[in-house]
Amino acid sequence: MSAWSEGVLQLLRRMNGFYLQDSFRASCLRFEVDGVQVGWVPPAVAALLTQFQEVFTRPHGGAVTLSPQLDSSERRSEAVDKVLRTLRANGSPGCLSGWRDEKYSVMAQFCDPPVMWMERAATSLFGVKRYGVHINGYTVSESGEVSMWLARRSHTKQTYPGLLDNMAAGGLAAGVGIRHTLVKECEEEACIPAALAETARPVSTVSYTYVDGEGVFAESQFDFDLKLPADFTPRVGDGEVQDFYLLPIEKVKELLPTDDFKPNSALVVLDFLIRHSYIEPDSEPFYQEFVSGLHQTL
């Protein structure tokens, strides 16, 4: 096995750590709303919630549920938000210090109507699926050589400061469309005109679930490829990025499993490399493991 292949396998195992035999998945409780599982609650979080019995029923049958009196999306959302704000004011759990005032929809599957919304910073406490949009920006030279634009995240970012990232990306807020998010993130992060961003093609989704600190991160990214003119250069927009680099695709591939790359964004690039045949099953013995590792769902 090459060092590169081993590095990619380690990356996939880390990003799918919730599925490993030695993970604490077995000790987590199901988070159920109206009889449907929408997430996973770590035991420490479940213990915290027992003090709010008007909102959360006592854990039973391996599940944390909401009070039956909370019988609408808005009632559930407002009641849980009040609990979260109380916990935040008390300084626990720590992830709530990163409160963003961003609402994320909660549903069992993306095609389902949301059963409630939840503050983005709290989603990992309930292991609910978070969705985002990632854009692979690339160019093709006259001779056919492919290069990819990568962003260097600002050192002031709450998460993964200073690491390499996709050219543009962002979380999918409640009630906001996928393509709207794509255009918005391209404009805000990389100063890409809307007319150019609109030419991006939806190509795949990447799904994974990992454990980090106090929570369960179940995520799925809608991936787009955006072929950019050779003379176009992204520019720093809203300050979430500190620089952009145009790198040959082989250099991008080399960087992929390093600690310099934001892990979930590395998975999006791995998907690009597979789809564009820069990784092939005849030359990569772990091709099947790579593909399956990009599409893990609960």
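Student: What makes Phe-31 and Phe-126 count as buried or exposed in this structure?

Tutor: Phe-31 is buried, and Phe-126 is buried as well, a word that stands for under 20% relative accessible area, whereas exposed means over 50% and partly exposed lies in between (1.4 Å probe, protein chains only). This is a predicted model, in which local features need pLDDT of at least 70 and side-chain atom pairs count only at pLDDT 80 or more, while totals for chains, interfaces and linings use all residues. Residues are numbered from 1 along each chain as its sequence is written, and side-chain values use heavy atoms, with hydrogens and water left out.

Student: How many aromatic pairs are there, and why is the pair of Phe-31 and Phe-126 called stacked, edge-to-face or tilted?

Tutor: Rings of Phe, Tyr and Trp (its six-membered ring) pair if their centres lie within 6.5 Å, and planes under 30 degrees apart count as stacked, over 60 as edge-to-face and the rest as tilted. By this rule there are eleven aromatic pairs. Phe-31 and Phe-126 have their centres 5.0 Å apart with 50 degrees between the planes, so they form a pair, and a tilted one. Phe-31 belongs to strand 1 and Phe-126 to helix 4 (residues 123-126), so this pair ties together parts 95 residues apart in sequence. Helices (H or I, at least four residues) and strands (E, at least two) are DSSP runs, numbered from the N terminus.

Student: Which order do the strands of the open sheet follow, and why do strand 2 and strand 3 stand at the edges?

Tutor: The open sheet of three strands has the order 2-1-3, with mixed pairing. Strand 2 (36-41) and strand 3 (63-65) each have a single partner strand, so one side of each is left without a neighbour in the sheet.

Student: Why is strand 11 said to be largely enclosed, and which strands are joined to it?

Tutor: Twelve of the 13 residues of strand 11 (residues 215-227) are buried, so the rest of the structure largely encloses it. Ten bridges join strand 6 (residues 129-140) to strand 11 in parallel, with His-134 opposite Asp-223 in strand 11. Eleven bridges join strand 10 (residues 201-212) to strand 11, and these two run antiparallel, with Tyr-208 opposite Glu-219 in strand 11. Strand 10 and strand 11 form a hairpin with two residues between them, and Gly-213 in the turn has a positive phi of about 60 degrees.

Student: What does the lining of the largest pocket consist of by class?

Tutor: It has 13 nonpolar, 16 polar and 17 charged residues, where Ala, Val, Leu, Ile, Met, Phe, Trp, Tyr, Cys and Pro count as nonpolar, Asp, Glu, Lys and Arg as charged, and the others, Gly among them, as polar. Helix 5 supplies the largest share of this lining, six residues.

How values were computed
Pairing = 2+ DSSP bridges.
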